[in-house]
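Subject: Structure for your files

Hello,

Here is the structure I said I would pass on. My notes are below it.

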Amino acid sequence: MTNDALVASLGSLRDALRSAALVLPLDGLEEATATRDEAVAQIEDYLLPRLADIDAPLLAVLGGSTGAGKSTLTNSLVGEEVTTAGVLRPTTRAPVLVHHPDDEAWFMGEGVLPDVPRSTGAQPAEGDSHGLGAGPTSALHLVPSASLPVGLALLDSPDIDSVETANHELAAQLLGAADLWMFVTTAARYADAVPWEVLAKAAERAAAVALIVNRIPPDGDAVRMISEDVRRMLDAKGLGSATLFALQEVPLIDGRLTGGETAIRNWLGELVADAEARAAVVRGTVQGAVASLEPRARRVAEAVTQQAQAVDALRQASRTRARSAITHVDAQLGSGVLLRGEVLDRFREQVGTAAWMDSLQRGVGRIRDRITSLFTGDTPVVEAARGRLQDNLVSLIDDAVATSVEQAVGDWRGLPGGTHALRSFPGYRMAPDRIADLVDRWQDEVIGLVRSKAEGKVATARWASLGVNGAGVALMTFLFASTGGLTGGEVAVAGGTAAVSQALLTAVLGEQAVRDLTSSARRGLLAVVSEIAEAAHTDLRGALDDIPDADLADTLTATAGQVASSGRGGR
C-alpha cells in the first residue's frame with residue numbers, strides 16, 4: 001500500500017481539494033465545506049504520514065461528547081494524571097497525547113498531524129492557550145509516560161459537541177488522524193444524535209472503532225440491556241465489527257476509575273503486542289480512509305459544479321446587460337440627441353430654421369454653400385463641434401453602461417449566490433476621462449477613414465473647402481442626425497444637418513464611399529461602446545474570479561478515481 005502511485009495520487013487529490021473554493025452560500029455549502037476540509041486534513045494528518053511509515057506507533061484517539069469521561073478514562077488507562085478533566089464546559093480544551101518515551105521522535109516530528117503545533121512540559125491551565133490568551137487551543141500537548149507500552153499512544157481530544165467551533169473542529173481533525181477510534185459515551189447519552197453522526201463517519205471510512213459506554217448503573221441488568229441496545233445500534237450503522245466496552249459506574253480514587261478500565265488496558269496491550277493484529281488495525285483504517293476519499297471527493301465535486309453553474313448564470317446576466325448597453329447606444333445614434341447643443345446652434349446661426357424650411361422647397365444649393373463654412377479646415381467651429389459631439393457621446397455611453405451595470409446588479413440579487421458575490425463589488429467606477437479618451441480615439445479614426453477615402457481628391461476645390469477634419473465632423477453629424485430625440489425647430493435643423501452633411505460628403509467622395517464610411521464609423525463607435533461596457537462588467541464579474549470553474553469538478557473526480565485505483569492496487 002505504500003507505493004509511490006498511491007502517495008502521488010493522494011497528493012494530487014489533496015491539492016485539488018484545496019483548490020475547491022466553495023464561496024457562494026448555496027444549498028449544502030456547509031456540509032460540502034466540512035467534507036472537503038476533513039478529507040484534506042485526513043490526507044495530510046494521517047494517510048501520507050502513515051503510508052510513509054506503516055510501522056510507526058499506533059495512535060488511539062479518545063473522542064466523545066462533553067462530560068463523557070474521556071480525560072478520566074485516559075488517566076485511568078495510563079495509571080497517572082496525564083490530562084486534566086475540566087470542571088467547566090467544554091471540558092477538554094487542549095488535546096493531550098500520551099506516548100511512551102521511546103516514541104517521542106515520531107510524535108514530536110512531522111510523522112502525524114504535521115501542521116498541528118506541539119507543546120511539552122506542564123499542561124496549560126484551563127483557559128490558558130499557551131500564552132495566546134483565554135479560549136481553546138489547537139496546540140497538541142505531548143506527555144511521555146513509561147506506563148504505556150512502546151508503539152501505543154493515547155490522545156485525549158476535545159469534545160465533539162463543544163459549543164466552541166474551534167474545539168469540535170479540532171476533535172474531528174484528531175479523529176481523522178487516528179488508527180483507532182475510541183469513542184466514549186455514557187449510559188444516559190449513548191443514543192444522542194451527535195455521537196452517532198460522528199460514528200457514521202467512522203463507518204464511512206471503515207475505521208477501527210472501540211465504543212466505550214461509561215457510567216452504567218451497577219444494579220440489575222443495566223449492563224446487559226444497554227450493551228444489547230448499543231450493539232443493535234452499531235450493527236444498524238454499519239459498525240458491527242466495532243469492539244464494545246460497557247463500564248459500570250464506580251467511585252473514583254484520585255480521579256481515576258477503579259477496575260472497569262482494566263479490560264480496555266489489556267485489550268490495547270494485546271493489540272500492540274500482536275504484530276499481526278496491530279497491522280490489521282492500521283491496514284484496515286488506512287484502506288478504509290483511502291476508499292472513502294472517492295465518494296467524499298465526488299460530493300465536493302458536486303458542490304464545485306453547483307458553484308460553477310451559479311457563476312455561469314451570474315456571468316451570463318452580466319453579459320446580457322453589457323450587450324444591452326451597446327443596443328441602447330446603437331438605438332440612440334440616429335435619434336438626434338447627440339446633436340443637441342453647439343452643433344445645432346451653429347446650424348441655426350448659419351441658416352436659421354425658417355430659411356432652412358424654405359430651402360427644402362427650392363433646393364439646397366445655396367444653403368449648402370453656406371453650411372460648408374461650418375466644416376472648413378481646422379476652424380474653431382470644427383473643433384467646437386467635434387468637442388460637443390464628444391461630450392454628448394461620453395454622456396450617452398456613460399449613462400448606458402452605468403445603467404447596464406445597475407441592471408446586472410439587480411439581476412444578481414435575484415440569482416443564487418449573487419447577493420454574496422456583490423459584497424466584493426465596489427460599484428460602477430468607470431472614469432468619464434477614460435470614456436472620453438476612447439471616444440476621442442474613435443473620432444480620430446473617423447477622420448482617418450475620411451482621409452483614406454479622399455486620397456487623390458485632395459486637390460479638388462470642393463475638398464479643399466471642406467478639409468479633412470471638417471469632412472470628419474460632417475460624417476459624424478450625418479451619422480447622428482435624425483428626428484427621434486428632438487422637438488420643434490430642432491427637427492428641421494437636425495434633418496437639414498443630415499442632408500447637408502450627406503450632400504457635402506457625396507459631392508467630394510461619392511455616394512458609395514459615404515455609405516461605406518458611415519457603416520465603418522458606426523461599427524467603430526459600437527466597438528468603443530462594447531470595450532467600455534466589457535471593462536465595466538469585467539469589474540463586476542471580478543467578484544467571481546476566485547470561484548473555480550467546472551473543470552475542477554472533473555479534476556476532483558478523476559484524481560479521486562486514481563486514488564481509489566492506486567489503493568486497490570496496493571492491497
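This is a predicted model: local features need pLDDT of at least 70, side-chain atom pairs count only at pLDDT 80 or more; totals for chains, interfaces and linings use all residues.

Residues are numbered from 1 along each chain as its sequence is written, and side-chain values use heavy atoms, without hydrogens and water.

The largest pocket has a volume of about 1,000 Å³. (On a 1 Å grid over the protein atoms alone, a pocket is an open set of points where a 1.4 Å probe fits, with protein on both sides within 12 Å along at least five of seven lines; lining residues have an atom within 4 Å of a point.) Its lining has 30 residues, with Ala34, Thr35, Glu38, Ala172 and Lys201 nearest the centre. Helix 5 gives the most to this lining, 10 residues (helices are DSSP runs of H or I, at least four residues; strands are runs of E, at least two). By type, the lining of the largest pocket has 12 nonpolar, 7 polar and 11 charged residues.

The second largest pocket holds about 250 Å³. Its 19 lining residues divide into 12 nonpolar, 7 polar and no charged. Helix 9 contributes the most here, with 6 residues.

Helix 8 (residues 262-273) and helix 9 (residues 275-333) pack at about 95°, with axes 5 Å apart. They are therefore roughly perpendicular (65 to 115 degrees). Leu271, Val272 and Ala273 in helix 8 meet Ala275, Ala277, Arg278 and Val281 in helix 9 (heavy atoms within 4.5 Å).

Regards

Conventions. Axes are lines fitted to C-alpha atoms, for helices over the stretch in contact, and angles run from 0 to 180 degrees between N-to-C directions. Angles under 35 degrees count as roughly parallel, over 145 as roughly antiparallel, 65 to 115 as roughly perpendicular and the rest as oblique. Grid points are joined across faces, edges and corners, and a volume is the space filled by probe spheres set on the points. Ala, Val, Leu, Ile, Met, Phe, Trp, Tyr, Cys and Pro count as nonpolar, Asp, Glu, Lys and Arg as charged, and the others, Gly among them, as polar.
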